[in-house]
Amino acid sequence: MLAYNRRKELAVRVPRRRSKAFLKDNWILLSLALPAIVYFLIFQYWPMFGLVIAFKDYSYVKGILGSDWVGFKNFEFFFKSQDFWRLTRNTLGYGIGFIVVGNIFYMGAALLLYEIRSKLALKYYQTTMMFPYFLSWVLISYITYTLFQPEKGVVTQIADFLSGHSIDLYAHPAYWPFILTFTNIWRYIGFYSLIYYAALISIDPEIYEAAKIDGASRWQQSWHISMPSLMPVLSILVLLAIGDIFRGEFGLFYQIPRDVGTLYRTTDVIDTYVFRGLRSGDFSIGTAVGLIQSVVGLFFFLFVNKAIKKINADHSLF
């Protein structure tokens, strides 16, 4: 019994000594990480206390803790509302479309950049493609409004010149899935193509030289060498995007269509719906919908990660 207690004491002391030694040896690195840790604690974890509002009939007077409990009535209200299927369809549809179509364009742009041999031309194309990434959605919304304004927009005037009558795109929801998809790709193509390009330049050039000796064309080299090398990066980017598949880019879906009611059929997503609810003071419904987004996003992420792990364990995150 004494020997057992002695071993138990040692088992407790060793981890404590190791943690003290770890803190002593790495305190500089830990201090550098401290601002990020504080940021996540304040802006990511502490607000999670507010999730309790999703199960209450929130009142400004009573506060969060004093408001009456309503259970799952806020969730039932959202699921039974006439907006549920439209919001779910738009949010998932755009999320899947951005992942599939976006990554095709991003990889294609990276492969084209990889074929450029002039350093000056490469820097020019990378800079021009990267520039939209630094623009805010508010500024991009002014650019799109300049193009699609019903009376004096560039696209409107071109359509009027070619067909003899102008088109008010803000009155036709059917056009906006294409406009929003193109705008999203235009903004992010420089950033994500740079990630894929970094994966391409890490490939050993001798592999391409061997393929050339064997008579492989540029297309065959891209398909059999470049594309397989991009698969691990693609898996990671898809997994990260899947986690947010039930969340829409708020700036994209709110600023670009300018919150025009006639376009809600194809432009309204869960995030804009929640924003309108918060703006009208309905915090309980907005919090409930936000919680649904997080839970569904986590489920999708775990499911896709497990599926990728079964196909190729090296391409999964964990």
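This briefing walks through a surface patch, a helix pair and a salt-bridge network. The model is predicted, so local features need pLDDT of at least 70 and side-chain atom pairs count only at pLDDT 80 or more, while totals for chains, interfaces and linings use all residues. Residues are numbered from 1 along each chain as its sequence is written, and side-chain values use heavy atoms, with hydrogens and water left out.

- M48 sits in the loop between α2 (27-45) and β1 (56-59); helices (H or I, at least four residues) and strands (E, at least two) are DSSP runs, numbered from the N terminus.
- M48 counts as partly exposed because its relative accessibility is 46% (buried is under 20%, exposed over 50%, partly exposed in between, with a 1.4 Å probe and protein chains only).

**Helices α4 and α15**

- Helix α4 (residues 73-80) packs against helix α15 (residues 283-311) at an angle of about 80 degrees, and their axes are 9 Å apart.
- Axes are lines fitted to C-alpha atoms, for helices over the stretch in contact, and angles run from 0 to 180 degrees between N-to-C directions.
- The two helices, α4 and α15, are therefore roughly perpendicular (65 to 115 degrees; under 35 is roughly parallel, over 145 roughly antiparallel, and the rest oblique).
- On the α4 side, the contact (heavy atoms within 4.5 Å) is made by N74, F75, F77, F78 and F79, and on the α15 side by S284, I285, A288, V289, L291 and I292.

**A salt-bridge network**

- The whole structure holds 6 salt bridges (a side-chain nitrogen of Lys or Arg within 4 Å of a carboxyl oxygen of Asp or Glu).
- R86 pairs with D83, with the closest N and O atoms 2.7 Å apart; R86 is buried because its relative accessibility is 18%, whereas D83, at 21%, is partly exposed.
- D268 also forms a salt bridge with R86, at 2.8 Å between the closest N and O atoms.
- This pair links distant parts of the chain, 182 residues apart: D268 lies in the loop between α13 (264-267) and α14 (270-279), and R86 in helix α5 (residues 84-114).
- D268 has a relative accessible area of 0%, so D268 is buried.
- R276 is another partner of D268, with the closest N and O atoms 2.7 Å apart, and both residues are buried.
- Shared partners join D83, R86, D268 and R276 into one network.
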